[in-house]
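I set down here, in order, what I looked up in this structure.

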Amino acid sequence: MGGNELQKYLEANVDRTDPIYGPQCRCSVTLTDGLVLPCVILRQAAPTVDLALRRFDDEKHGKGVFGKSKKPYQQIVRHFVTSGSSIDDFYVQSVDPSPFALPSEVMSQIKGETMMGWTGWVFEMSDGSVFPYGSSFSFDFFELPDGYTFSDVAKVHNHAFVNTDGQVASIHEDRAGYLEKRGSNELARTYQARPSFVCYVDSRTRLE
């Protein structure tokens, strides 16, 4: 697939508009060597370029997040150049829907940050089963319990977890206990965000 085909696919399949990065499509792509990447975000490059230019200018004038470091401008350039995972559009052979993309209508039901750097919630499925979920920052792609899809989600319990009795419990009401047991074998496994890649559909388009 060429860049123009990817742009058309993005335009026809936008599933979320990010406040910073603009319209995007979360999908699965097959590369030219047959490798399947199930979690890829298609975006246009302009919002990221504009963000980088603003951040570069802030650091030049001592207003950025790296202002107190020894080389703030180099730090911000390094951040944009070396962080994140991306694939070039010319390696993409085909695009398909991703089963791990959290639908926007479900995502919109997840309300606020539970505690600094962590949001926890529980998905209650249509058959009554409950599964704890959590994320530090990413809400695009998530693991799925065996035999379920996101269309099975019947209810979202915000700021909640599944306690040792298998019941939905409030994190706020038992924060100490939750923090103590989170990640241990005492609580049910917490399903978290899957690693993902970004593909800029217009990365080779010449700027006018």
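**Chain overview**

I looked up the surface first: the protein chain exposes about 12,300 Å², and carbon and sulfur atoms supply 49% of it (Shrake-Rupley method, 1.4 Å probe). I note that the model is predicted, with local features needing pLDDT of at least 70, side-chain atom pairs counting only at pLDDT 80 or more, and totals for chains, interfaces and linings using all residues. Residues are numbered from 1 along each chain as its sequence is written, and side-chain values use heavy atoms, with hydrogens and water left out.

Of the 208 residues in the protein chain, I found 38% buried (under 20% relative accessible area, 1.4 Å probe, protein chains only). The C-alpha atoms fill a box of roughly 60 × 45 × 25 Å along the principal axes.

I recorded five helices and 10 strands (DSSP runs: H or I of at least four residues, E of at least two). Among contacts (heavy atoms within 4.5 Å) between residues at least 6 apart in sequence, 64% join residues at least 24 apart.

**Helices H2 and H3**

I then examined H2 (residues 46-60) and H3 (residues 72-82), whose axes come within 8 Å and cross at roughly 165° (lines fitted to C-alpha atoms over the stretch in contact; angles from 0 to 180 degrees between N-to-C directions). The two are therefore roughly antiparallel (over 145 degrees).

Which residues of H2 and H3 make the contact? I listed Thr48, Leu51, Ala52, Arg55, Phe56, Glu59 and Lys60 from H2, and Pro72, Tyr73, Ile76, Val77 and Phe80 from H3. By class, this contact has eight nonpolar, one polar and three charged residues (nonpolar: Ala, Val, Leu, Ile, Met, Phe, Trp, Tyr, Cys and Pro; charged: Asp, Glu, Lys and Arg; polar: the others, Gly among them).

Conventions
Angles under 35 degrees count as roughly parallel, over 145 as roughly antiparallel, 65 to 115 as roughly perpendicular and the rest as oblique. Buried means under 20% relative accessible area, exposed over 50%, partly exposed in between (1.4 Å probe, protein chains only).
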